[in-house]
Every structure is written in structure tokens, then in C-alpha cells.
Protein chains: 2
Amino acid sequence: MSFRPAATVGMSLAEVDTPCLILDLDAFERNLQRLPGSLKGLPIKLRPHAKSHKCPEIAKRQIALGAVGVCCQKVSEAEAMVDGGIRDVLIANEVVGAAKLKRLAELAKRATIKVCVDDAGNVRDLDVAARAAGVTLDVLIEVDVGAHRCGVAPGAPVVEIARVIVGCANLRFAGLQAYQGTAQHVRKVADRRDAIKQAVDDVQQTQRLLKDAGIACDYVTGAGTGSYLFEATSSVYRELQAGSYIFMDADYARNEWTESGIPAFEHSLFVWTTVMSATMEGRAVVDAGLKASSVDSGMPRVADYADVEFLKASDEHGVLQYHGSTRFKVGDKLKLIPGHCDPTVNLYDWFVCVRGGVVEALWPITARGALL
Amino acid sequence: MSFRPAATVGMSLAEVDTPCLILDLDAFERNLQRLPGSLKGLPIKLRPHAKSHKCPEIAKRQIALGAVGVCCQKVSEAEAMVDGGIRDVLIANEVVGAAKLKRLAELAKRATIKVCVDDAGNVRDLDVAARAAGVTLDVLIEVDVGAHRCGVAPGAPVVEIARVIVGCANLRFAGLQAYQGTAQHVRKVADRRDAIKQAVDDVQQTQRLLKDAGIACDYVTGAGTGSYLFEATSSVYRELQAGSYIFMDADYARNEWTESGIPAFEHSLFVWTTVMSATMEGRAVVDAGLKASSVDSGMPRVADYADVEFLKASDEHGVLQYHGSTRFKVGDKLKLIPGHCDPTVNLYDWFVCVRGGVVEALWPITARGALL
């Protein structure tokens, strides 16, 4: 049930069918290098989140530039990565339910797998699944360092769950996940820095309590594209989970970056779309709507035309509003910058990789739809 | 690149993995019958829109209850329907670009195909593609009856394009599409009725001008779930395109329905989800986020628990807020009512069809991701 790609290798961009997902390889490769480049000399490793790209071809390129492996959110996403040749996956999320735990434990026979927990009952279920599969699983405790989503409160609650893990024959306590998710899209640099400072304090307090309890904990993972340099320079984090840096969507671009120290990542991911109707004064309609670009973080932006606004989306249509002299005609093609890259990538089966106006490769998004 | 289903036939709902798309067959079948039931005695045919379900199994059941065929929005969606055994498809949308027009013309050799236009240049491109394939294509003119998306203005502009169609050797002018899309989610019944009255006036005025120009036009198609009975009783429309009636999402449920004459459709489509974290006072986190339920028309609603609100979604997480005494624990499963059914269905490869708490069938969503 995967559809034919919108392009073939060697085709000019102008010939590529729409809507499809375009990856500008030059910009992508610069982003790919810029993040590890910004970490030179720091005692920190990169483990990019694969939930952004869902594509082993991209994961391999991240690892070739020094990444230690990838993060995934779902067992099925991790399976797709391992099937694609990735040997080291952190499931940066809780995994609940017997069916998933069985698959997780089986996957640990084929690759290095870590998983997060925030619930003692779930820890015991994990131990049962690991024993049944005959494996020992590395388990991280997720700490709520301010995002208020998953994770236990810092301090004593972490020690409590760590003791449960230590008491399980088929589990190994492997450290902490301390991801401050809500900080990533806070616009001001100072506010993002303050949020990470608080997260670091929370982690350090927790590490002290764990030490007092005789439980070693030197592995801490977290961070996203919006804040990663603050975690990287904290001396507390050991691995970074940033993922969106390779694409840089419209919402991340609305953050302030100056004086953050974080390099300027470029937009490399676009929705390629065709003007399908131009009957209205002041407007045009393109063939990319809600099923071609997720609007959860705002409408896509129109690339290359500052005077054209993507006004609204319905299922298969996007309405463009002219604010200047630009006018399109039916058949014109243009690029949209997605509002939010992760759920947009999840709508497609292929990256159409373009360099110098020519299709250089088609990369399958093999973890598209990996929900389980 | 299609993932294993979350269930097997015969499994109890409690065992079904999450997140997945559940179809409550009893509610679905009642909806399936209610719409044609409400049209008894009216000179109107139903051609439901398949963009809502993308599933030939559902299309076949609609046709078995009298539907004349289906509507699609994309050529690739129409191909998936024809491949699935559907013989009559209206592409209720403009199709632009040589690659798509070639496939459209080829498809017309295998099934009865109609397509919409609103641009004279596009009409000529269609004629070229039809001639190259050796077919004659049925072409409808889309009229903008108030939605201000695609379509030409009513009246003289329609006659102008109709003349271009009539002058094309491989095209046949087949009538008008007059879909008032924005009226569908207008909350008040009187406002929806007024919008359709205006659309009917626009169509009648246009038909008079076409008649004066010697161009016959007795086929008019349009309507959605929010308004279809007003089009059905107008004596102007010949076919109805309603699609969402089979599922009834949370956004449609916010419409007023009393005294519309439209029967009460039931929620039959749900996202089945698991509580994956319950560490916070007053909240729980489920494993269904932006990649499991489209939020373009608002957050999903929590089914069966009136005192629990789906507060916000991130990529793979949904945060529930308790407003009453309900409390969930990790591992509990519950149903969400999607905010908007069409883009939610497009996230999944399978409908898990449930009756009496048992999985009765798995229907593949073969047009999932049919963007071209």
C-alpha cells in the first residue's frame, strides 16, 4: 500500500509530480554537519531523534558523522530502523502493553536497545517480557524536568523506581532521560536557557539522591534542536536527542536564535506543490492541503515568495493569498516550508532528494505510519 | 512499507494494540443506511466521497445500498478505488499536470471516469491527454457557489469554459459541480440552508445561460454531510457527494442538526489508545498524538468519559485532563473521537472493524497517502 514516488532519479525538479516531499540535499548536508560541528571539544554525543525523518538512509548519514545511534518513539519505528541497518536505538519513550513489550524484547536480540519508564508496574512488565525473551534490557527513568508530559518528578520518586529496576533480574538501570520538550519552541533564547538550567538542577539533585542510595547514574539523555547547546555545555548530559535540525521547519524558524550559540540551520525540507486553480482575484489554490502538510503548528510558509501567504488548508487544497505583485497561473509549481516537519514527513512514503534542480535519489520513509 | 495491523480477526477489543483506527460496525452500518434512507422518494442519487475512507471495502458497501459510484480527489486515489473493484469514479477536483492527466486518461479505459475543470488551458491539456490515450473524457465545470476555493464564478464564465469543452474533440461536457464546502461546518441549520439556497440560485442562473448558448446541462453534483438534504430537495442537484456521514467526527458533531431533517449520524470511527503515563496529578498521557489523530479541526474528544478532556497533542503523545472523578492507570485503553475524520483516516493503513467487542474484519485503507 505504498504509492509510486512522485519522481524518478535524473528528472528535473520542474518535472517532479506534486504534492511530494522535497529534500534539498545541499542544505540538508550543511545542517547534518553543522550540529556535530557545534559540539567539537565538548564531552557529549549526538543520538538524533529518528521520529523526525523515519528514514534509515538519513540515520546512516547521521551516524557516519559521529552519531552513536538514533532515538525512536515507538517499537515499530525502532524495528524499521533496525531493519534498515541501524544497530543502536534508544526508545526515548515509555512502551506499554504485552504485545509491544514482547516485540521490544525480541528486538533487543538484534540490536542495542534502551527504553524509558516512569511507572513501577511497567518496569515489572518489562522484566517479565525480557525474561521471556531471554534478554537483559537497559532501562532509563524518564524525569519530568518541566515539560509535564511523561516522567516522574525529580528526586525521591526517581530513586523509588530505580530501586524497582535494580531489583529486576532481567533489567539494568541505565540512567535518566531528562528531555525538556516544552522549552524547545519557547521563542526567547534567555527563556530556553533558563528552562534548561532548571532541568540541569533537577537532574543534579536526582543524581545526588541516587548516589546516596548507592545507585550509579552517569548517563543522562535529552535535548532538542531549540536548546541542545545548553544541555551540551551543562556537564550533566551525555547524549543529545535533537532531530529537527536536519530539516528546520517554519515553527522552529520562528524561535530567536541570535546569541544562542546554536548555528543557523537552513530549511531543507519542502512540500512541492502545483497551482491547480487561479480563478479568484488575489488568490490561488495549490494541490497541497491537510494531507500534504500538517498544520498543528501553523500553516506552511511559501518559500521564495515573501509576498504570498498560505492562508488556509482543507483536505486536498491550500489557499494562497497574494500580498504583493506575485501572480501564479495554473500549472506553476512552488515550494512550501512545512509548519512542523515530523507529522508532515509522516504523511509521505518517499523523500525526493534534489541537488542543483535535479533528482539525485529517492529515499523510502520506511517508518512512515509506525504507530505501534 | 505498510505496517502489520494492530489486531487479528477474532481478537477482543481489549487485546487490540494501540494506537489504531477502530470502526464500530454496528454504528457504521446504521449510518450507511440512514443517509440513503433519508433520500427515499427524492429524484437524487448518492455518490459518496471516498476521500473520507480511502477504502474499497467501504465503497462497495455504499454501492450495495444504492450509491452510483464514488467521488475521489486525486487520480491516485481513483486508481486505488478502480483497483479495488469500483467501476464509476468522479474526480470531484481539478487535475493539473501532464503526468497526472496521462494516468487519468489511461484510467478512463478501465472505468467510468469524470473530472472537474475551472481553467480553459487545463481543458485543452485534458483534451490532448484524452486524444493520446484514445478516449473521450467526461468533464464537469466546477462552479464557485460560495466556498471561494476552486471553481469559476457562476454565469457567463461557466458558459465560456463550456464552449471550450464543446470545441474539444476528445472531451464531453457533462455538467456542473457546485459544492458549497464552507457551508458544511457552519453551525446553525438556518445558515446552512441559506448558503445552499444561494448555491441553487447560482446554478439555476448558470443553467439558463448555458441553455441560451445551446449547451445542455442537466447534471449537477455537490453537497456534503452538513447540508445534503437541502441540495437533495432543491430539484437542481442530481448527485450528492456526502462522505463523512459514515463516521461522524467531533467537528461535524458540533453542528446543530435539529430541524435540519438530516438524520442523527453516530460516531463510528475511533482512535483506540492506551494510557502510557499517569504520574501527574489531574492528568494522564495516552499514546495517540499528532501522528494518530489530525488536530486541524480541534482536539479529539474522549469517548465514554464526559469528565475527561483531551487537552493537547504532541507528535506521539496526547495529554488528558481530568475534570471529574475519572482516573486512569497505565495500561488502560480508551476510545477517542477524531476531530476530523478525513486526515485522521489518512494516517492509518487499516480499519480494525469491531462488533460486540470482537474484531470482525481488517479492511485495508488502500488509498492512504494517495497524494498524486
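This is a predicted model: local features need pLDDT of at least 70, side-chain atom pairs count only at pLDDT 80 or more; totals for chains, interfaces and linings use all residues.
Residues are numbered from 1 along each chain as its sequence is written, chains are lettered from A and ligands numbered from 1 in the order in which they are written, and side-chain values use heavy atoms, with hydrogens and water left out.

- B:Y219 sits in the loop between helix 7 (189–212) and strand 8 (220–222) of chain B; helices (H or I, at least four residues) and strands (E, at least two) are DSSP runs, numbered from the N terminus.
- Is B:Y219 buried or exposed? It counts as buried, at 9% relative accessibility; buried means under 20% relative accessible area, exposed over 50%, and partly exposed in between (1.4 Å probe, protein chains only).
- The side chain of B:Y219 makes a polar contact with the side chain of B:E239 at 2.6 Å. A polar contact is a pair of N or O atoms within 3.5 Å; within protein, one must be able to donate a hydrogen and the other to accept it, and residues adjacent in sequence count only if both atoms are side-chain atoms.
- B:Y219 and B:P36 are 183 residues apart in sequence, and their C-alpha atoms are 19 Å apart in space.
- B:T221 lies in strand 8 of chain B and is buried, with a relative accessible area of 0%.
- The side chain of B:T221 has a polar contact of its own, to the side chain of B:Q241 at 2.8 Å.
- Beyond four places in sequence, B:T221 is in contact with residues including B:L90, B:L140, B:L176 and B:E239.

**Where chain A meets chain B**

- How many residues of each chain are in contact with the other? The count is 66 residues of chain A and 66 residues of chain B.
- The two chains bury about 5600 Å² between them, 59% of it on carbon and sulfur atoms; buried area is the accessible area (1.4 Å probe) that two parts lose on being put together, summed over both.
- Between chain A and chain B there are 28 residue pairs in polar contact, both residues at pLDDT 80 or more.
- On the chain A side, the elements that give two or more residues include helix 3 (75–83), helix 4 (98–107) and strand 10 (269–277).
- Strand 10 of chain A gives the most, with 4 residues.
- By type, the chain A side divides into 29 nonpolar, 17 polar and 20 charged residues. Here Ala, Val, Leu, Ile, Met, Phe, Trp, Tyr, Cys and Pro count as nonpolar, Asp, Glu, Lys and Arg as charged, and the others, Gly among them, as polar.

**Salt bridges**

- The structure holds 55 salt bridges over all chains, each being a side-chain nitrogen of Lys or Arg within 4 Å of a carboxyl oxygen of Asp or Glu.
- B:K100 lies in helix 4 (residues 98–107) of chain B and A:D17 in the segment before strand 1 (20–24) of chain A, so the pair joins two chains.
- The side chains of B:K100 and A:D17 meet at 2.7 Å, N to O, and both residues are buried.
- A:R4, A:D17, A:D287 and B:K100 are linked in a network of salt bridges.
- The count between chain A and chain B is 8 salt bridges.
- A:K329 pairs with A:D332 in a salt bridge, with the closest N and O atoms 3.1 Å apart; A:K329 is exposed, at a relative accessible area of 56%.

**Helix 4 of chain A**

- The buried residues of this helix are A:K100, A:L101, A:L104, A:A105 and A:L107.
- Seen down the helix axis, these buried residues fall within an arc of 155°, so they line one face of helix 4; the arc is that of the directions from the helix axis to the C-beta atoms.
- The face turned away from the buried side carries the exposed residues A:A98 and A:K102.

**A:T344**

- A:T344 is found in helix 10 of chain A and counts as buried, at 0% relative accessibility.
- Its side chain reaches the backbone nitrogen of A:S294 at 3.0 Å.

Methods:
Contact means heavy atoms within 4.5 Å.
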